[in-house]
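Trainee: I should like to learn how to read the features of a structural model. May we begin with the aromatic rings?

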Amino acid sequence: MMYPYMILADGTEIVHSQIIEKDGMKKVIVNFERSTESGFDSARCELPDYKWTEKTGYSDEEINMFEKLLYNNAHLLYRYVENGGIQIA
């Protein structure tokens, strides 16, 4: 299951997975997606390794910005994941 995290000014939607336990490590998958005239731009990063497993349509500059965003927000993402996503009233 994927949980919404935020939508950026350019329309990129950021969503994250639940905690995925693999080899004793707690991982979270973070997806970035933006609609385009011909489909979608998409990128996927695995935390805590910051390993990019997909990058389609986004520039290197955008990916670098996403990575900075993840470094600054990873602790929040893990907190939200443990609580079943952001709880918005």
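Mentor: Rings of Phe, Tyr and Trp (its six-membered ring) pair if their centres lie within 6.5 Å; planes under 30 degrees apart count as stacked, over 60 as edge-to-face and the rest as tilted. Here Phe32, Trp52, Tyr58 and Phe66 form one aromatic cluster. Please note that this is a predicted model, in which local features need pLDDT of at least 70 and side-chain atom pairs count only at pLDDT 80 or more, while totals for chains, interfaces and linings use all residues. Residues are numbered from 1 along each chain as its sequence is written, and side-chain values use heavy atoms, with hydrogens and water left out.

Trainee: How many aromatic pairs does a search of the whole structure find, and how do Phe32 and Trp52 pair?

Mentor: The search finds five aromatic pairs. That of Phe32 and Trp52 is tilted, at 5.7 Å centre to centre with 40° between the planes. To place the two residues, recall that helices (H or I, at least four residues) and strands (E, at least two) are DSSP runs, numbered from the N terminus. This pair links distant parts of the chain, since Phe32 is in strand E4 (residues 25-36) and Trp52 in strand E6 (residues 51-56), 20 residues apart.

Trainee: Why is the pair of Phe32 and Phe66 called stacked?

Mentor: The ring centres of Phe32 and Phe66 are 4.3 Å apart and their planes meet at 10°, so the pair is stacked. This pair also links distant parts of the chain: Phe66 is in helix H1 (residues 60-82), 34 residues from Phe32 in strand E4.

Trainee: Is Phe32 buried or exposed?

Mentor: Buried means under 20% relative accessible area, exposed over 50%, and partly exposed in between (1.4 Å probe, protein chains only). Phe32 counts as buried because its relative accessible area is 0%. Phe66 is likewise buried at 0%, and Trp52 is buried at 16%.

Trainee: How does one check the span of helix H1, and where does H1 bend?

Mentor: The expected span of a helix is 1.5 Å times one less than its number of residues. The 23 residues of H1 should therefore span 33 Å, and the 31 Å between its end C-alpha atoms agrees with this. For a bend, one takes the angle between axes fitted to the seven residues ending at a residue and the seven starting there. H1 bends by about 60° at Asn73. Asn73 is buried, with a relative accessible area of 15%.

Trainee: With which side chain does the side chain of Asn73 make a polar contact?

Mentor: A polar contact is a pair of N or O atoms within 3.5 Å; within protein, one must be able to donate a hydrogen and the other to accept it, and residues adjacent in sequence count only if both atoms are side-chain atoms. The partner of Asn73 is the side chain of Tyr5, at 2.8 Å. In strand E5, the side chain of Glu46 makes such a contact with that of Lys27 (3.2 Å). Glu46 counts as buried because its relative accessibility is 16%.
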